Structures are given as structure tokens and as C-alpha cells.
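Subject: Structure handover

Dear colleague,

I am handing over the structure below, and after it I set out what was found. Please keep it open while you read.

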Amino acid sequence: MAEARPLRLLALHGYRQSARRLRQRTGALRKALRGRAELVAIDAPHPLPAGAEDDPDGDDPPRGWWFSGPGTFEAGEAAAAPAGLEESLSAVAAALAEHGPFDGLLGFSQGAALAAMVCALRARGDPRFPVAFAVLVAGFASRAPAHGHFYREPIALPTLHIVGDTDAVIAAPLSRELAQCFVEPVVLTHPGGHFIPAAAAQKKAYLEFLERFSELL
């Protein structure tokens with residue numbers, strides 16, 4: 001029997017990041033998944049306003065998937081007029097169509113929040129998002145009332161949620177709250193903070209979760 005091809009995951013970076021920085025910060029994860037899954041990162045469509053953030057890694061410029069205020073974003077803010085989400089959903093749909101096929105999504109922080117929204121649309125049958133699962137690291141549910149429709153019914157798409165107990169950017173309860181929006185989520189807690197972990201315990205969890213979908217290829 002021919003060996004199954006690696007799974008392909010579209011990777012969505014966090015706020016103030018970029019595809020390049022996500023690739024830099026997932027070196028250990030990509031090594032752990034070698035031969036099993038490959039990550040393809042894309043840039044969010046919205047550059048942050050000039051001077052909005054210092055960027056020591058030299059991104060030109062750092063980016064975001066949507067804003068809760070003019071050129072700003074706070075995960076806990078119930079933004080009255082969030083801006084930019086539709087363009088980001090279109091960017092994800094375009095990447096899936098142009099660079100696919102993809103099997104699933106991997107999102108970090110705001111990228112995980114966006115991936116959860118994509119999962120909700122996929123579960124409702126939206127043909128723009130042909131993905132079977134998502135890995136959501138330090139995710140959260142948007143507090144914006146305009147985004148509430150994504151969470152009104154349980155999201156029936158398989159997900160692995162990675163929660164950092166000492167995450168000072170996206171507190172662990174926010175990530176657990178997002179997990180509860182899904183049907184039968186798999187939740188893995190680690191003792192670290194706001195990063196994508198890839199130590200032995202997390203590697204095992206990633207591989208066990210992804211194995212469910214490798215068997216379908």
C-alpha cells in the first residue's frame with residue numbers, strides 16, 4: 001500500500017504577526033509533524049497602521065484579520081463596529097481555492113478565532129471552506145455582537161484546542177470557552193503561555209488528532 005500523503009493545513013497567524021513570523025515560530029511544530037502534516041501560512045489582508053506597534057522582528061508590516069476599533073484590536077472587547085472580517089474570510093477562501101487542496105486549518109490567537117469562524121461556516125455548508133478539521137491554539141470567541149451568529153449553535157467540525165495555563169494574552173478561560181462552542185472538542189492544556197507548544201506531550205496530541213484524518217486519505 002502506498003504511504004499516505006501528508007495532511008495540508010492552512011495556517012493563520014496571530015494579530016501583529018505575519019505568515020513569515022508564524023513560520024519562524026512554528027519550527028519545532030513543523031519538525032514534530034514532518035511527514036505527517038505540512039503547514040502553509042498566509043498573510044492577513046490588513047496591515048496595521050504605521051506606528052501602531054513597534055515590530056522588533058522586522059515584519060513589514062505586522063498584520064491583523066480584523067479590528068475591534070480604528071486600527072486596534074483587543075480580544076476581550078465587545079466591539080460595536082468591528083472592521084475587516086469579511087475581507088479576511090475572502091482571503092482564506094481564496095487561499096483554499098488557489099493553493100489547495102487543504103485538509104484542515106491551524107490558527108494561532110486571532111488566527112485561531114478566525115479559523116473557528118471558518119469552521120462555523122463550513123459546518124453550515126459554506127462551499128468556500130472545504131476543510132475537515134482545525135487545530136486552534138490560544139483561540140477565543142469574538143465578543144463583537146456582529147460576530148455572535150458564528151456561535152449560536154454548536155459547531156459540528158472536529159477541533160483540537162491548545163490552551164496555555166499561563167497565557168497572559170489570551171487567558172485560558174477564553175480558549176476553553178471557545179472549545180465549548182464545538183461538538184466534542186479535544187482540549188489539550190499545557191503549562192506555558194502565549195505560543196504554539198511542541199514538546200513531547202503536545203506532539204503526541206497533535207499526531208493522535210491528525211491521525212484521524214490521515215486514515216481518510
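Which residues lie nearest the centre of the largest pocket? Please bear in mind throughout that this is a predicted model. The largest pocket is lined by 15 residues, and those that lie nearest its centre are Tyr-15, Arg-16, Ser-109, Val-169 and His-194. Its volume comes to about 290 Å³, and its lining, taken by class, is made up of six nonpolar, five polar and four charged residues.

I turn next to the sheet. Six strands form an open sheet, in the order E2-E1-E5-E6-E7-E8, and their pairing is parallel. At the edges stand strand E2 (37-42) and strand E8 (186-190), and because each has a single partner strand, one side of each is left without a neighbour in the sheet. On average, and with direction ignored, neighbouring strands of this sheet are turned by 20° against each other.

Helix H3 (residues 85-99) touches E1 and E2, and its direction makes about 150° with that of E1. Helix H4 (residues 110-123), for its part, touches E1, E5, strand E6 (133-137) and strand E7 (159-164), with a direction that makes about 145° with that of E5.

Strand E1 deserves a separate paragraph. E1 (residues 7-12) pairs with strand E5 (residues 104-108) in the parallel sense over four bridges, and E1 pairs with E2, also in the parallel sense, over six bridges. On the E5 side, Leu-9 has Gly-104 as its bridge partner and Leu-10 has Leu-105, whereas in E2 the bridge partner of Leu-12 is Ile-42.

Is E1 enclosed or exposed? Six of its six residues are buried, so E1 is largely enclosed by the rest of the structure. In a regular strand the side chains alternate between the two faces of the sheet. Here Leu-7, Leu-9 and Ala-11 point one way from E1, while Arg-8, Leu-10 and Leu-12 point the other way, and all of them are buried.

Finally, a note on one residue of helix H1 (residues 19-25), namely Arg-25. Arg-25 is partly exposed, as its relative accessible area is 45%, a value that falls between the 20% limit for buried and the 50% limit for exposed. The C-alpha atoms of Arg-25 and Phe-195 are separated by 8.1 Å, although these two residues are 170 residues apart along the chain.

With best wishes

Terms used:
Residues are numbered from 1 along each chain as its sequence is written. This is a predicted model: local features need pLDDT of at least 70, side-chain atom pairs count only at pLDDT 80 or more; totals for chains, interfaces and linings use all residues. Side-chain values use heavy atoms; hydrogens and water are left out. Helices (H or I, at least four residues) and strands (E, at least two) are DSSP runs, numbered from the N terminus. Buried means under 20% relative accessible area, exposed over 50%, partly exposed in between (1.4 Å probe, protein chains only). On a 1 Å grid over the protein atoms alone, a cavity is a set of points where a 1.4 Å probe fits but cannot get out, and a pocket is an open set with protein on both sides within 12 Å along at least five of seven lines; lining residues have an atom within 4 Å of a point. Grid points are joined across faces, edges and corners, and a volume is the space filled by probe spheres set on the points. Ala, Val, Leu, Ile, Met, Phe, Trp, Tyr, Cys and Pro count as nonpolar, Asp, Glu, Lys and Arg as charged, and the others, Gly among them, as polar. Two strands pair if DSSP finds at least two bridges between them. Axes are lines fitted to C-alpha atoms, for helices over the stretch in contact, and angles run from 0 to 180 degrees between N-to-C directions. Contact means heavy atoms within 4.5 Å.
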